[in-house]
Structures are given as structure tokens and as C-alpha cells.
Amino acid sequence: MSKVDEMVDVLRHWQSLERKAMNDTAEIMEKTSSSLIRIIMEIIRHDSLMHHRVQQFLIDSVTKESVTVTRDDISAVWDALKAHDQAERETIRMAEELRRRAWTAVQKVMLDYLLKEESKHDALIANLDDLKKELGRASGA
């Protein structure tokens, strides 16, 4: 089995698990009246949908058309990305402060979630910055 076939097989299996997670979370939501459990299931369902899309993106990138990105692609939107990143960092500071001041377990759980999500967004933008730098080195810029 080739590396591509192996990767596609794993990703397709993973997608089936994500579809199951989406179904499971919907069933759990139907069985509960707890607003906390419902919002957590909604979060997981949405994340599973996004994971499924990313997995399909990866499958397509090795079976249909490889993904290309140039330093110019990133540079063209870099100012907007930097501005967005500043907003992400502000939300991280806000979430950290609110988390320190939270007084119930539910508040702490949900603020922890938001803090991790905002930190994840900040890391994704940092990854684009790293890619931009690597592309610059590769082109001799």
C-alpha cells in the first residue's frame, strides 16, 4: 500500500468516526434539557464537522490537486492577518482575566473552552507566519 493510500484510508476511517460523533452528539442533545450539556454537544458537533472538512481537504490534496501557497499569497493578506491576530490576543487576555475572576464551575469550564479556542486560532496564524518565513527562505528572500 502506498503512503497516499494509507493516508487516505486512515483519514476516511477518521471521517467515519467524526460522522458518528456528530450523530452521537445530536442524540445526546435530544435526551437532555441541560443547557450546559447541550452547548457542549453543539461545540463537539461543530468541531467534528470542521474536522471532517479538514480531513476531506487532506484527502483531496493527495488524490486530486496538491495544495499550493506562495509567499505572495500570504503577504497579500498579511496585514489583515496581523490585525486579526491582535484581536485574538485581546480575546485571550480577556478570557484569562475572566477565568481568574470566575466563581462557578460552569463559568470556569466554558471560559477554559473559549481560552483554548482563541489560543488555537492564535497558533494557526502563527503557523502561517512560520510558513511565510519558510517560503521566504526557500526563495532566497
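## How α2 meets α4

The axes of α2 and α4 lie 12 Å apart, and the two helices pack at an angle of about 15 degrees. Angles under 35 degrees count as roughly parallel, so α2 is roughly parallel to α4. The crossing in which α2 passes α4 is left-handed. Do keep in mind that this is a predicted model.

Which residues make this contact? On the α2 side they are L36, I39, I40, I43 and D47, and α4 brings V106, M110, Y113 and E117. Sorted by class, the contact of α2 with α4 holds seven nonpolar and two charged residues, with no polar ones.

## How α3 meets α4

Next comes helix α3, which covers residues 71–101; its axis and that of α4 come within 9 Å and cross at roughly 155 degrees. Since angles over 145 degrees count as roughly antiparallel, α3 is roughly antiparallel to α4.

Here too there is a handedness to note: α3 passes α4 in a left-handed crossing. By class, the contact of α3 with α4 counts twelve nonpolar residues, six polar ones and twelve charged ones.

## How α1 meets α2

Helix α1 spans residues 3–31, and its axis comes within 9 Å of the α2 axis, with a crossing of roughly 160 degrees. That angle makes α1 roughly antiparallel to α2.

In which hand does α1 pass α2? The crossing is left-handed. As for the classes in the contact of α1 with α2, there are 17 nonpolar, nine polar and seven charged residues.

## The largest pocket

Rolling a probe the size of a water molecule over the atoms shows where empty space is left. In this model, the largest pocket holds about 580 Å³ of space. Its lining is made of 16 residues, of which M50, V54, F57, L124 and N127 are the closest to the pocket centre.

Where does the lining come from? Both α2 (35–63) and α4 (105–139) supply at least two residues each to the lining of the largest pocket. The largest share, eight residues, comes from α4.

## Putting it together

Terms used: Residues are numbered from 1 along each chain as its sequence is written. This is a predicted model: local features need pLDDT of at least 70, side-chain atom pairs count only at pLDDT 80 or more; totals for chains, interfaces and linings use all residues. Side-chain values use heavy atoms; hydrogens and water are left out. On a 1 Å grid over the protein atoms alone, a cavity is a set of points where a 1.4 Å probe fits but cannot get out, and a pocket is an open set with protein on both sides within 12 Å along at least five of seven lines; lining residues have an atom within 4 Å of a point. Grid points are joined across faces, edges and corners, and a volume is the space filled by probe spheres set on the points. Helices (H or I, at least four residues) and strands (E, at least two) are DSSP runs, numbered from the N terminus. Axes are lines fitted to C-alpha atoms, for helices over the stretch in contact, and angles run from 0 to 180 degrees between N-to-C directions. Angles under 35 degrees count as roughly parallel, over 145 as roughly antiparallel, 65 to 115 as roughly perpendicular and the rest as oblique. A crossing is left-handed if the near helix is turned anticlockwise from the far one by less than a right angle, and right-handed if clockwise. Contact means heavy atoms within 4.5 Å. Ala, Val, Leu, Ile, Met, Phe, Trp, Tyr, Cys and Pro count as nonpolar, Asp, Glu, Lys and Arg as charged, and the others, Gly among them, as polar.
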